[in-house]
Amino acid sequence: MPVTTKGERDGPMDDQSDDRELVQQAKDGSEEAFTRLIERYHERIYRIASRIVRNPEDAEEVTQEVFARAVAALDRFDFRASFYTWLVSIARNAAFDTLRSLQRRSRFKQTEDGLDNYVAEESVDPVQASFDNEAVKSVVLAMDRLGVRDRTLLVLREYEDLQYEEIARVLGCSIGTVESGIHRARKRLRALLGSAVIGG
Amino acid sequence: MNEHENDERIERAELLIGRELDGRLNESEAGELERLRAGFAPARDLTASMRNLRAALRNEPDPAIPEGLFDRIVERVAQVRADVRVESAVLSLGRRLAVAAAVLLLAGLFALAGGFSGFAGPRVEAGPSGAREEPTVEDELRAHPAPDGSFVNYLRWRFLRRES
């Protein structure tokens, strides 16, 4: 899969006030307003999906599913979270559903703890071939080997830069659970990488 | 320091460094971490390792966005909207039919149970020639004239006739 150069990520809260207006218009039946929300967020949702499911085709299916579920459930969105956080929580659920489906199709192997520890049998994302930086390449491979829950936590924290409170909302758990989960995920990732790659 | 204590300090350092990376370190924890780094080499190594890990994660290029993804999402959303409209129309019709059926059923049950006196339908007034119409005194007089034709005698005659 070709890669793009990463630009500055928008902060998740940047568009929140404008989102509110668009979401309200969409709730009132404006198709144009919802299309603008798709335009605004589809790339970020795709990135998250891609990093969780580790496959471009599945990531696209997840991304489409996220907006399909969002438009069907828009009446139930109550502005308690930001629209983006809401989309990310749908993305997480859709990605996990996809991984369960992949599990049934035997593209993922199961370890003892069920879906939380499903890992890719092999790197299905050839992105590492284009890396010059060996450490980054190794991290991508290690992320493939990380369990889905650990990977999701790191994607939300490290790539999307979500705060613990937002991650807790996305995952439907406490902030303490998020903190201990991220701590554990980093530890496992470091163990997978070994000291040769990142030192320590 | 024994091995167990060493592991505990490493574990503590790892937790604090994680908090530091995530901007969640309070003042007393910051002091504790600085002391650990100053006097405990593994804490310094761990700091470098975790910072490198973060840098490697954040330097990973973003996956390329598939061409036409936006259009395909818009198309999918339009399909969902159309499905929702059909579902909602079917549900609405179903609800109306269900209400109508329930009203008819209740009405039927009520009628069977006797209902209100006026429920069976509007009262139909009998015409002048209606067979069930109570005859007036004048009708009775015309049909059965009393022997002497007086009204008092007629009443007496009528009373006796009913008694018999």
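Predicted model: local features only at pLDDT ≥ 70, side-chain atom pairs only at ≥ 80, totals over all residues.
**Exercise 1.** Work out how helix α7 of chain A sits against α8(A).

*Solution.* Start with the axes: α7(A), residues 164-171, and α8(A) come within 8 Å, and they cross at roughly 100°. Angles of 65 to 115 degrees count as roughly perpendicular, so α7(A) is roughly perpendicular to α8(A).

Next, pick out who touches whom. On the α7(A) side you'll find A:Tyr164, A:Glu165, A:Ile167, A:Ala168 and A:Leu171, and they meet A:Ile175, A:Val178 and A:Glu179 of α8(A). Sort that contact by class and you get 6 nonpolar and 2 charged residues, with no polar ones.

**Exercise 2.** Find the buried residues of α7(A) and say which helices they pack against.

*Solution.* Go through the helix and list the buried positions: A:Tyr164, A:Glu166, A:Ile167, A:Arg169 and A:Val170. Then look at their surroundings: these buried residues pack against α4 (83-104), α6 and α8 of chain A.

**Exercise 3.** Locate the largest nonpolar core and follow the contacts of A:Val66.

*Solution.* The largest nonpolar core has 61 residues. The ones with the most contacts inside it are A:Ala49, A:Val66, A:Leu87, A:Ala91 and A:Val139. Now zoom in on A:Val66 and skip its neighbours within four places in sequence: what's left in contact is A:Ile45, A:Leu87, A:Ile90, A:Ala91 and A:Ala94.

**Exercise 4.** Describe the side of chain A that touches chain B.

*Solution.* Count first: 41 residues of chain A are in contact with 32 residues of chain B. Then ask where the chain A residues come from. β1 (3-4), α2 (31-53), α3 (56-73), α5 (134-145), α6 (148-159) and α8 (175-193) of chain A each supply at least two. The largest share, 9 residues, belongs to α2(A).

**Exercise 5.** Sketch the make-up of chain B.

*Solution.* Chain B has 6 helices and 1 strand. Reading from the N terminus, the order is α-α-α-β-α-α-α. Of its 164 residues, 12% count as buried. For the contacts, take those in chain B with a separation of 6 or more: residues 24 or more positions apart account for 36% of them.

How values were computed
Residues numbered from 1 in each chain as written. Chains lettered and ligands numbered in written order. Contact = placed C-beta atoms within 7 Å. Helix = DSSP H or I, 4+ residues; strand = E, 2+ residues; numbered from the N terminus. Axes fitted to C-alpha atoms, helices over the stretch in contact; angles between N-to-C directions. Parallel < 35°, antiparallel > 145°, perpendicular 65-115°, else oblique. Nonpolar A, V, L, I, M, F, W, Y, C, P; charged D, E, K, R; others polar. Buried ≥ 20, exposed ≤ 12 C-beta atoms within 10 Å, placed from the backbone. Core = buried A, V, L, I, M, F, W, Y, C linked by C-beta atoms within 7 Å.
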